[in-house]
Amino acid sequence: MSELNKILVIGAVGQIGSDLVPALRKKYGKNNVIATGRRSQPSKKLRESGPFIYLDALDIDTLKKVVFENQIDVIYHFASVLSATGEKMPQTSWDLNINSLINVLEVGRRYGVKRIIWPSSIAAFGPTTPRENTPNDTILQPTTMYGVTKVSGELLLEYYYKKYGLDTRSMRLPGIISSETLPGGGTTDYAVAIYYEAIKQKKYTCFVKENTVLPMMYMPDCIKCMIDLMEADPSTLEHHVFNVTGMSFSAGELAAEIKKHIPEFEISYAPDFRQEIADSWPMSIDDSLARKEWNWQPSYDLGSMTEDMLEVLGKRLK
Ligand code: AKB
């Protein structure tokens, strides 16, 4: 991977960036991975593990300067308004999600960035998409603004690849479950909050119905996915956007799994506006193209993830 030396992570303080930056620093060297953020201060751990700078990806001049001065080879772009917040502020969601992405693509092509990694989401699908074993290439008619930005972003990635030869890559992420940093403003956030509340309160009120099934992935698999797709040999890739998944379960099955470890845990259900969003997304994903083109292979299922989450969080929240 010698031509991929310098990595920029935009939106590094968020759920995925907080785990990805340390993993990249371990592999590529701490000074070769520049973490950036805008909305909140990085944790002490993130700040002390290597370079961290303030960067607003909507400010193209500052973005140019950072990429130019640091001779960036790879950009991970995570800055985004997620699905539930996006429905409260659709215009802000469009502005941040799309205008920051086009800035990254423009700066990327002008300054010779070798790879751009931008996560798409299962939110790119909608109620007209087959909901079970959803294929890679299928109907993309989302009904949320977040989903609209994901479909538009996928098309932009394809456009920059075809028109300028910029190597753009994307994975359609399901709900991501992790213990380091809480997600914020997503529809799948209940699948993370439930673990915190099970440990702290021994009870949780879930904002989707018991029988709501969504695709999910545990953070160690997500990190592997981020690094493997970035490193994949371009000659093996026929696609630029890939379905990926780790597992699928209902909210009720998740609660039952937690109960195996915390028998006194109680769950109740009070569905809100996020139910409609969840109902518009797939229940399970066909990720065979990712498996074929870059050997995608998740390791965790609901049982092994729950064991690990409860152990890690149990120690931290003590
Ligand atoms: C959300 O719920 O908005 C995100 C996603 C599935 O992209 N976690």
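Among contacts in the chain between residues at least 6 apart in sequence, what percentage join residues at least 24 apart? The share is 78%, where two residues are in contact if their C-beta atoms, placed from the backbone, lie within 7 Å. The structure is a predicted model, in which local features need pLDDT of at least 70 and side-chain atom pairs count only at pLDDT 80 or more, while totals for chains, interfaces and linings use all residues. Residues are numbered from 1 along each chain as its sequence is written.

The chain contains twelve helices and 13 strands, assigned as DSSP runs numbered from the N terminus (helices: H or I, at least four residues; strands: E, at least two). Its radius of gyration is 19 Å, close to the 20 Å given by the globule rule for 318 residues, so the chain is as compact as a globular protein of that length. The radius of gyration is taken over C-alpha atoms, and the globule rule is 2.2 Å times the number of residues to the power 0.38. The C-alpha trace spans about 55 × 45 × 35 Å along its principal axes. Of the 318 residues, 45% are buried; a residue is buried if 20 or more other C-beta atoms lie within 10 Å of its own, exposed if 12 or fewer, and partly exposed in between, with C-beta atoms placed from the backbone.

A UniProt record (unreviewed entry) places the feature "domain: NAD-dependent epimerase/dehydratase" at residues 7-244; such annotations may be inferred rather than shown by experiment. Over residues 7-244 the chain is 42% helix and 18% strand, and the end C-alpha atoms are 23 Å apart.

The largest nonpolar core has 91 residues, of which Leu 8, Val 9, Ile 10, Ile 75, Tyr 76, Ile 177 and Ile 194 touch the most other members. Such a core is a set of buried Ala, Val, Leu, Ile, Met, Phe, Trp, Tyr and Cys residues joined through C-beta atoms within 7 Å. With residues up to four places away in sequence not counted, Val 9 touches Gly 17, Leu 20, Val 21, Val 33, Ala 35, Thr 36 and Tyr 76. Ile 194 belongs to helix H7 (residues 190-200), where Tyr 190, Ala 191, Val 192, Ile 194, Tyr 195 and Ala 198 are buried. The cover over the buried residues of H7 includes strands E8 (175-177), E9 (203-206) and E10 (213-218), together with helices H9 (251-261) and H12 (302-316). Just after H7, Lys 202 takes a positive phi of about 65°.

The shell around the ligand comprises Leu 82, Ser 83, Ser 121, Ile 122, Ala 123, Tyr 146, Leu 173, Gly 175, Pro 183, Gly 186, Thr 187 and Thr 188, each with its C-beta atom, placed from the backbone, within 6 Å of the ligand. Six of the shell residues are nonpolar, six are polar and none is charged. Leu 173 is also touched by Pro 119, as are Phe 78, Ser 170 and Met 171, not counting residues up to four places away in sequence. Pro 119 lies in the loop between strand E5 (115-117) and strand E6 (120-121) and is buried, with 22 other C-beta atoms within 10 Å.

Two further loop residues have a positive phi. Gln 71, with phi near 45°, is placed between helix H3 (60-69) and strand E4 (74-77) and is exposed, with 11 other C-beta atoms within 10 Å. Asn 133, with phi near 50°, is found between E6 and helix H6 (145-164) and is partly exposed, with 15 other C-beta atoms within 10 Å.

Technical notes: Ala, Val, Leu, Ile, Met, Phe, Trp, Tyr, Cys and Pro count as nonpolar, Asp, Glu, Lys and Arg as charged, and the others, Gly among them, as polar.
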